[in-house]
Amino acid sequence: MENRKNFFHLHLISDSTGETLISAGRAAAAQFRGSNAIEHVYPLIRSKKQIKALIDALDREPGIVLYTIVDQDLAALVETGCHELGLPCVNVLAPIIEKFQDYLGAPSRGRVGAQHVLNAEYFARIEALNFTMDHDDGQAPEDYDQADVVIIGISRTSKTPTSIYLANRGIKTANLPIVPGVPLPEGLLKATRPLIVGLIATSDRISQVRENRVLGATMGYDRSEYVDRASITEELKYARSLCARNNWPLIDVTRRSIEETAAAIVALRPKPR
């Protein structure tokens, strides 16, 4: 039987993809230790029939309800259904939109999924994602001068997830593993366009992560050396020396989330004039 003190149902209702709600819901739930959200996501809710079905679902598994629905009639049905069931219900975007309207002195357009419009920014993100996937883990270094950012670092310093996060913001990002004894590719040394950033962490942290990951075919390592703290310390020393020699900034990711690391990289980028 479910322990209600440890788990609760979190219903996320959206007339679009639900990405905004998922981020907001998780950010709020993370503030409550010992309480874990069981997420129920209902994307593309755009009809009364769909509303009726999800109200039935709320009745079966009551919990907190967050929603973003532009259509006022459908939003009212959600509010009414939650009120009748005695469930807390929050229109996540409503207070934000109200503040925008007050400040701008104009009503919102009420467009469903307006943040996902196929505009130039959208296509820039897709291009960045394609570039990043094609240049993951040292692939195609001859193209590094086309990148906005190149991330370097020893194994398990979160290069790939950070690259993908940046790509989702439209930043073309390549990443390259640093391996002692393996020279850096000419494409990196000759690149003048991208910001080149090194990622490091403590040897303890890297060893811990490596112990919990499958070694696979990482070049030049056996398992015992791969997780050995003394060996990792030497790898980190080598990575630091490379960055110092080339005047590339270093970011310690030991206590940083992927989002925080990406924000630090963005802050290092030259500001457009």
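**Helix packing and a parallel sheet in a predicted model**

In helix H6, the residues Pro161, Thr162, Tyr165 and Leu166 meet Ile258, Glu259, Thr261, Ala262, Ile265 and Val266 of helix H11. Sorted by class, this contact holds seven nonpolar, two polar and one charged residues. H6 covers residues 159–167, and H11 covers residues 258–268. The two helices pack at an angle of about 65°. Their axes lie 9 Å apart. The crossing of H6 past H11 is right-handed. The model described here is predicted.

The protein has 273 residues, and 37% of them count as buried. Its secondary structure consists of eleven helices and eight strands.

Four of the strands build an open sheet. Their order is S6-S5-S7-S8, and the pairing is parallel. Strand S6 (173–177) and strand S8 (250–252) stand at the edges. Each has a single partner strand, so one side of each is left without a neighbour in the sheet. From one strand to the next, the twist averages 25°. Strand S5 (residues 149–153) runs parallel to S6, and five bridges join the two. Within this pair, Val150 has Ala174 in S6 as its bridge partner.

Helices also pack on the sheet. Helix H10 (residues 229–246) touches S5, strand S7 (195–200) and S8. The direction of H10 makes about 160° with that of S7.

H8 passes H10 in a right-handed crossing. On the H8 side, the contact is made by Ser203, Asp204, Ile206, Ser207, Arg210 and Glu211. On the H10 side, Arg229, Ile232, Thr233, Glu235 and Leu236 take part. By class, the contact of H8 with H10 has three nonpolar, three polar and five charged residues.

Key
Residues numbered from 1 in each chain as written. Predicted model: local features only at pLDDT ≥ 70, side-chain atom pairs only at ≥ 80, totals over all residues. Heavy atoms only, no water. Axes fitted to C-alpha atoms, helices over the stretch in contact; angles between N-to-C directions. Left-handed = near helix turned anticlockwise from the far one by under 90°. Contact = heavy atoms within 4.5 Å. Nonpolar A, V, L, I, M, F, W, Y, C, P; charged D, E, K, R; others polar. Buried < 20%, exposed > 50% of the residue type's maximum accessible area, 1.4 Å probe, protein only. Pairing = 2+ DSSP bridges.
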